[in-house]
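Biologist: I would like to go through a model feature by feature. Please give the general idea where there is one, then the case at hand.

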Amino acid sequence: MNSPAEVPIRDESIRLGQLLKLAGLVEDGAMARAVIEAGEVTVDGEVWARRGQQVRPGMTVSYAGETVLVVSGA
């Protein structure tokens, strides 16, 4: 299994919808909202259904067969 791609964030957390856009997993906010509300996104293996939930460094986010690891930095 491949290691997840790292996505650095500036602050101590980022909203799930923003992270999906930053990581290039979705094209825009509307797509982020749709895939999150449809239950297609998991964070640390659990489905998250609200795009405003905060993701922090060390968490992994998966969508459409892609997984990213949130890290501090940027």
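The turns below cover the sheet, the core and a charged pair.

Modeller: Keep in mind that this is a predicted model.

Biologist: Let us begin with the sheet. In what order do the five strands lie?

Modeller: The order is β1-β7-β6-β3-β4, in an open sheet with mixed pairing. Its edge strands are β1 and β4 (46–47), each of which pairs on one side only.

Biologist: In which sense do β3 and β4 pair?

Modeller: Strand β3 (residues 42–43) pairs with β4 in the antiparallel sense, over two bridges. Thr42 stands opposite Val47 in β4. β3 also runs antiparallel to β6, joined to that strand by two bridges, and here Val43 stands opposite Val61.

Biologist: How should I read the side chains along a strand?

Modeller: In a regular strand, side chains alternate between the two faces of the sheet.

Biologist: Turning to the largest nonpolar core, which of its residues touch the most other members?

Modeller: That core has 20 residues, and those touching the most other members are Leu16, Leu19, Leu20, Val35, Val41, Val55 and Val61. At least two core residues come from each of β1 (5–9), α1 (16–22), α2, β6 (60–63) and β7 (66–72).

Biologist: Take Leu16 as an example. What does Leu16 touch, leaving out residues up to four places away in sequence?

Modeller: With those left out, the contacts of Leu16 include Ile36, Val41, Val43, Val55 and Val61. Trp48, Arg50, Arg51 and Gln53 are also among them.

Biologist: Last, the charged side chains. How many salt bridges does the structure hold?

Modeller: Side chains of opposite charge can pair when their charged atoms come close. This structure holds one salt bridge, between the side chains of Arg33 and Glu37, at 3.0 Å from N to O. Both residues lie in helix α2 (residues 29–37), four residues apart, about one turn of the helix.

Biologist: Why does Arg33 count as partly exposed, and why does Glu37 count as exposed?

Modeller: Arg33 counts as partly exposed because its relative accessibility is 41%. Glu37 counts as exposed because its relative accessibility is 53%, and the cut-off for exposed is over 50%.

How values were computed. Residues numbered from 1 in each chain as written. Predicted model: local features only at pLDDT ≥ 70, side-chain atom pairs only at ≥ 80, totals over all residues. Heavy atoms only, no water. Salt bridge = Lys/Arg side-chain N within 4 Å of Asp/Glu carboxyl O. Buried < 20%, exposed > 50% of the residue type's maximum accessible area, 1.4 Å probe, protein only. Core = buried A, V, L, I, M, F, W, Y, C linked by side-chain atoms within 4.5 Å. Contact = heavy atoms within 4.5 Å. Pairing = 2+ DSSP bridges.
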